[in-house]
Amino acid sequence: MKELFNRLSSIEGRDFLEVDDLLSEELDAVVRLAVAAKADFSLLEGCLKGRCIGLLFEKPSTRTRVSLAAGISRLGGSAIFLDPNELQLTRGETLEDTGRVLDRYLDALAARVMDHHTLVTLAAAMERPVLNALSDRSHPMQALADVMTLREVGAGSVAYVGDGNNVATSLMLASTMLGLDARIATPPSRCLDPAVVKRCETYAKATGGAFLHTFEPSEAVQGAEAVYTDVWVSMGAEADAEEARSQLGPYALTPELYRLAADGAVIMHCLPMHRDEEIASELADSPHSVIFDQAENRMHAQNALLSAVLGGVSQRR
């Protein structure tokens, strides 16, 4: 464990806006610590003692908000929820000035934002770490829980079917960074950003993994050890709902599609799910579903990340 703590000392004080703000070996270390701390809570007990973390949420949240607040509390820290509608931002104070002020009070800020640029602006204004709790571009905290879950079940390949959204972006990046066989099937109009595809291909080549971006769900799912999907209509995109459902209908995770995966393949979803829309209820509730383990792992993965970023693990080297 000392070797693991030594490796994690390199991310102390750093921002976490994208999965690959970490190096592959740092990402691996965070995941290893999360798995170990889930099995033995004492590894991280008290790691956030005396630390105060702000939670700024521009969008609704169940898992991210509660898992962060609960995890921070369990590790001895305190969390302050910040509703942007109750801050002076609504009266014209700039985001930069808000960040400079929060920097004087908090040890870190986790923010769920409408526009990724908000995170970039806050990170530039603050010396304290800024952590991405979801943006329109990426969802790196979800990806930590996703690859932690894949490691727990021993899956070496993961197929994502659906919208090439923020969740898909971070999942593909994290998976290729860890040397997994990562596949994604999206409609042509909802594919991953070409720059993300290039990053994934580069990581897969460096780690010995594999990466496939296809428009055919059956091609992605064939033989996969984990099959993953997400909601079709993301928060803030409700006006696009009818078009999204039309385009994504063929990408639903159905029993027929699931049968193309490896025997016993695990079923994943980041939640909330619209049952019998993007995923069949019988799959969500099947013995092969790890959806709620995945949700629990949000807390464990974030605990490991926060303990490293805020120096808690460095004190235990």
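**Reading the terms in a predicted model**

Me: Why is proline 188 called exposed?
Reply: Proline 188 has a relative accessible area of 53%. Exposed means over 50%, buried under 20% and partly exposed in between, with a 1.4 Å probe and protein chains only. Proline 188 therefore counts as exposed. This is a predicted model, in which local features need pLDDT of at least 70, side-chain atom pairs count only at pLDDT 80 or more, and totals for chains, interfaces and linings use all residues. Residues are numbered from 1 along each chain as its sequence is written, and side-chain values use heavy atoms, with hydrogens and water left out.

Me: Where is proline 188 found, and what is it in contact with, leaving aside neighbours within four places in sequence?
Reply: Proline 188 sits in the loop between β6 (181-185) and α8 (194-207). Such labels are DSSP runs numbered from the N terminus: helices (H or I) have at least four residues and strands (E) at least two. Setting aside the neighbours within four places in sequence, proline 188 is in contact with Phe215 and Tyr251; contact means heavy atoms within 4.5 Å. Phenylalanine 215 is 27 residues away from proline 188 in sequence and 6.3 Å away in space, C-alpha to C-alpha.

Me: What makes threonine 176 count as buried?
Reply: The relative accessibility of threonine 176 is 0%, so threonine 176 counts as buried. Threonine 176 belongs to helix α7. Not counting residues up to four places away in sequence, threonine 176 touches Ala182, Cys200, Tyr203, Ala204, Thr207, Ala210 and Phe211.

Me: How many residues does the largest nonpolar core have, and which have the most contacts inside it?
Reply: The largest nonpolar core has 68 residues, and Leu8, Leu27, Met172 and Phe211 have the most contacts inside it. The term means a set of buried Ala, Val, Leu, Ile, Met, Phe, Trp, Tyr and Cys residues joined through side-chain atoms within 4.5 Å. Beyond its neighbours within four places in sequence, phenylalanine 211 is in contact with residues including Met172, Thr176, Leu192 and Val197. A second, separate core of 21 residues includes Leu257, Tyr258, Met273 and Ile291.

Me: What makes α6 oblique to α7?
Reply: Helix α6 (residues 140-153) and helix α7 (residues 166-177) pack at an angle of about 50°, with their axes 8 Å apart. That makes α6 oblique to α7. Angles under 35 degrees are roughly parallel, over 145 roughly antiparallel, 65 to 115 roughly perpendicular, and the rest oblique. Axes are lines fitted to C-alpha atoms, for helices over the stretch in contact, and angles between N-to-C directions run from 0 to 180 degrees.

Me: Which residues of α6 and α7 meet, and how do they divide?
Reply: On the α6 side are Pro140, Gln142, Ala143, Asp146, Val147 and Leu150, and on the α7 side Val167, Ser170, Leu171, Ala174 and Ser175. The residues of this contact divide into 7 nonpolar, 3 polar and 1 charged. Nonpolar covers Ala, Val, Leu, Ile, Met, Phe, Trp, Tyr, Cys and Pro; charged covers Asp, Glu, Lys and Arg; the others, Gly among them, are polar.

Me: Why is α2 called oblique to α13?
Reply: Helix α2 (residues 24-39) and α13 pack at an angle of about 120°, with their axes 8 Å apart. This angle makes α2 oblique to α13. Val30, Leu33, Ala34 and Lys38 in α2 meet α13 residues, among them Glu296, His300 and Leu305. The contact of α2 with α13 has 6 nonpolar, 2 polar and 2 charged residues.

Me: How do you know that leucine 306 is buried?
Reply: Leucine 306 has a relative accessible area of 2%, so leucine 306 is buried. Leucine 306 is placed in helix α13 (residues 291-309). Apart from neighbours within four places in sequence, leucine 306 is in contact with Leu48, Leu68, Ile72 and Leu131.

Me: Which is buried or exposed: leucine 134, and aspartate 276?
Reply: Leucine 134 is buried, with a relative accessible area of 7%, whereas aspartate 276 counts as exposed at 60% relative accessibility. Phi is near 135° for leucine 134, a positive value in a residue other than glycine. Phi of aspartate 276 is near 65°, also a positive value in a residue other than glycine. Most residues other than glycine have a negative phi. Leucine 134 lies in the loop between β4 (130-132) and α6, and aspartate 276 in the loop between β9 and α12.
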